[in-house]
Amino acid sequence: TFKEHCRNLRLLHFPTNAVNGKKVINIAKEIREIFDYEMVVTVSLDGPPDVHDQLRGIPGNFDSAIETYKKLTTIPGIKVYFGQTLYGRKNQSVQDTIEAILNRIPDYSPDELHLNLAIKSSHYYGNSHVPDFSHPVADLDRVLKTKKPVRDPFQTIEWMYLKQAKRYLDSGKTPTDCKALISSLYISEKGVLYPCTAWDRPLGDLRKNNLLGNTHREITA
């Protein structure tokens, strides 16, 4: 569907929690056979083994993420990154995550760690009941000093995002206008369509309206 209707699409990216690594590998291979342009997969990893498994609530998920990452890097035409969501917890740091990765993958480059800030969202994170949390500004400052904009489109987007995230943390104001329903849509794992991962107003149910059809398996992967 994307290939047919999004003719100007140049970069396809999807994240995974790597709970079912075998399924992720198989689907990545299938998608790669369909698309002939750049494809990126981000494997979620939010800290060293004890911190990551605690945050995810899944024992052994750190090991699964590492193995999934390794296998994805063997698929031609796919760039693979680890992605860490910063929650502002005292026991969560970017450096600890990098060191944990290096213990398992000695030739890993820290530039391949994607970072993003957690938000409050009832339909995406399910954390609207959690008290306000602060973001680790010091970690972001440290990463920005080592990252530089490059010609690679994904890493350039990453660098731009981190610069804007720093502006947000310094000022408390979002540095860009809202793009929900303009250049953003979010389909939940239940098939419900939302303007984005933050705005929780449902727009419709793709399952009830029979709009998923044969694409159901790909969308929920």
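**Exercise 1. The overall fold**

How many helices and strands does the secondary structure of the protein chain come to?

*Solution.* Start with the kind of model: this one is predicted. Next, take the elements. The chain has eight helices and seven strands. Then turn to burial. Of the 221 residues, 38% are buried. Residues 24 or more positions apart account for 60% of them. Finish with the surface. The accessible surface is about 13,400 Å². Carbon and sulfur atoms hold 52% of that surface.

**Exercise 2. Ser-93**

Locate Ser-93, decide whether it is buried or exposed, and list what it touches.

*Solution.* Step one is the place. Ser-93 sits in the loop between β3 (78–86) and α5 (94–104). Step two is burial. The cut-off for buried is under 20% relative accessible area. Ser-93 has 16% relative accessibility, so Ser-93 counts as buried. Step three is contacts. Leave out residues up to four places away in sequence; Ser-93 then touches Gln-84 and Asp-139.

**Exercise 3. The second largest cavity**

Find which residues line the second largest cavity, and sort them by element and class.

*Solution.* First, count. There are two cavities of 30 Å³ or more. Second, read off its lining: Tyr-81, Asp-111, Glu-112, Leu-113, His-114, Phe-154, Gln-155 and Glu-158. Third, assign elements. β4 (113–117) and α7 (153–171) are the elements that give two or more residues to this lining. The largest share, three residues, comes from α7. Fourth, sort by class. The cavity lining has three nonpolar, two polar and three charged residues.

**Exercise 4. The second largest pocket**

Describe the second largest pocket by volume, lining and class.

*Solution.* Take the volume first. The second largest pocket has about 180 Å³ of space. Now the lining. It consists of 12 residues. Nearest the pocket centre lie Val-94, Ile-98, Pro-110, Val-143 and Thr-146. Next, the elements. α5, β4 and α6 (137–146) each supply at least two lining residues. α6 gives the largest share, four residues. Last, the classes. Six lining residues of this pocket are nonpolar, two are polar and four are charged.

**Exercise 5. Putting two sites together**

*Solution.* Write down the cavity elements: β4 and α7. Write down the pocket elements: α5, β4 and α6.

How values were computed: Residues are numbered from 1 along each chain as its sequence is written. This is a predicted model: local features need pLDDT of at least 70, side-chain atom pairs count only at pLDDT 80 or more; totals for chains, interfaces and linings use all residues. Side-chain values use heavy atoms; hydrogens and water are left out. Buried means under 20% relative accessible area, exposed over 50%, partly exposed in between (1.4 Å probe, protein chains only). Contact means heavy atoms within 4.5 Å. Accessible areas come from the Shrake-Rupley method with a 1.4 Å probe; for residues, only the protein chains shown count as cover. On a 1 Å grid over the protein atoms alone, a cavity is a set of points where a 1.4 Å probe fits but cannot get out, and a pocket is an open set with protein on both sides within 12 Å along at least five of seven lines; lining residues have an atom within 4 Å of a point. Grid points are joined across faces, edges and corners, and a volume is the space filled by probe spheres set on the points. Ala, Val, Leu, Ile, Met, Phe, Trp, Tyr, Cys and Pro count as nonpolar, Asp, Glu, Lys and Arg as charged, and the others, Gly among them, as polar.
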